[in-house]
Amino acid sequence: MWDRPAFKETGRANFKASYWPFVAVSVLLTLLTGQLLSLNVKDELTQLIQLCQDYGCTSSEVFYLTQSALHLLIPLTGYFTVLGFALKLLVTNPYEVGASRFFLENTTFHTAPFSRVAVGFTGNYGNVVLTQFLRNLYTFLWSLLFVIPGIVRGYGYFAVPYILSENPNLDHRRVLDLSRQMTMGYKWEIFVTDLSFLGWHILSAITLGIVGVFYVNPYYYATRAEIYRFLRAKAMEQGITSAGELPGMGSL
């Protein structure tokens with residue numbers, strides 16, 4: 001039976017049992033999945049124009065500054081967009097798989113080595129990259145139908161990185177389909193569990209991310225790992241998958 005408080009309590013105990021490695025893996029995952037390479041042209045341009053006006057620029061000078069800034073910022077934005085896409089495709093997505101393996105292996109009875117995060121790179125790297133790319137692509141395409149279908153599909157692919165962390169050789173079509181089957185009937189519960197961290201995320205923002213780094217993010221990732229354990233067990237019980245597809249790991 002779905003038990004959100006139990007998932008959160010167990011997740012918290014697991015990350016506390018391996019605190020600093022858990023924090024380190026979580027920090028890197030948060031950084032890689034963030035928008036560190038984004039550049040907001042509108043904000044940058046607005047600041048430049050405001051600065052010019054503060055110093056008494058004429059209308060013609062503001063116009064010239066705007067044109068110059070656009071010529072400078074737009075190509076730069078394109079560069080960072082391409083770089084960010086390549087980073088996500090080749091580094092972030094495989095790392096997410098390795099981090100998922102690390103989170104699953106860490107329990108109050110077992111501590112996984114930090115090297116587990118390399119699973120996404122040392123397993124079937126090509127299949128990991130392809131499967132994670134298709135996951136992102138399909139979620140994006142569904143979001144074009146309006147926001148809610150994209151969110152629903154995103155939760156349908158919740159289990160993808162965890163499945164790959166167990167079996168990086170599993171065919172990409174099967175990984176995506178298996179994730180949809182595992183999350184069927186549980187998407188709303190997963191969403192509500194994510195929503196239950198809203199207060200923690202607000203507290204993290206108030207503390208400039210300090211609480212997030214040292215508590216909230218590891219707690220969140222550990223709880224999600226517990227959700228996958230539950231979905232995996234249910235899928236095994238219902239015959240949706242088998243130990244041949246999901247061989248397990250460590251104390252999983």
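## An all-helix chain in brief

Among contacts in the chain (heavy atoms within 4.5 Å) between residues at least 6 apart in sequence, 73% join residues at least 24 apart. This is a predicted model: local features need pLDDT of at least 70, side-chain atom pairs count only at pLDDT 80 or more, and totals for chains, interfaces and linings use all residues. Residues are numbered from 1 along each chain as its sequence is written, and side-chain values use heavy atoms, with hydrogens and water left out.

**Overall make-up**

- The chain has 12 helices and zero strands. Helices (H or I, at least four residues) and strands (E, at least two) are DSSP runs, numbered from the N terminus.
- Of the 252 residues in the chain, 42% are buried. Buried means under 20% relative accessible area, exposed over 50%, and partly exposed in between (1.4 Å probe, protein chains only).

**The nonpolar core**

- The largest nonpolar core holds 46 residues. Such a core is a set of buried Ala, Val, Leu, Ile, Met, Phe, Trp, Tyr and Cys residues joined through side-chain atoms within 4.5 Å.
- Phe 103, Phe 158, Ile 163, Met 182, Tyr 228 and Leu 231 have the most contacts inside this core.
- Helices α1, α2, α4, α6, α8, α9 and α12 each supply at least two of its residues. Helix α12 gives the most, with 10 residues.
- Leaving aside neighbours within four places in sequence, Phe 103 touches residues including Phe 22, Val 25, Leu 29 and Tyr 221.

**Where α7 meets α9**

- Helix α7 (residues 147-156) packs against helix α9 (residues 172-183) at an angle of about 100°, with axes 8 Å apart. Axes are lines fitted to C-alpha atoms, for helices over the stretch in contact, and angles run from 0 to 180 degrees between N-to-C directions.
- That makes α7 roughly perpendicular to α9 (under 35 degrees is roughly parallel, over 145 roughly antiparallel, 65 to 115 roughly perpendicular, the rest oblique).
- Arg 153, Tyr 155 and Gly 156 of α7 meet Ser 179, Arg 180 and Thr 183 of α9.

**Helix α10**

- Ile 190, Thr 193 and Asp 194 are buried in α10 (residues 187-195).
- Seen down the axis of α10, its buried residues fall within an arc of 100°, so they line one face of the helix. The arc is that of the directions from the helix axis to the C-beta atoms.
- Among the elements covering these buried residues are α1, α7, α9, α11 and α12.
- Val 192 also lies in α10. Val 192 is partly exposed, at 24% relative accessible area.
- The C-alpha atoms of Val 192 and Arg 4 are 8.9 Å apart, though 188 residues separate them along the chain.
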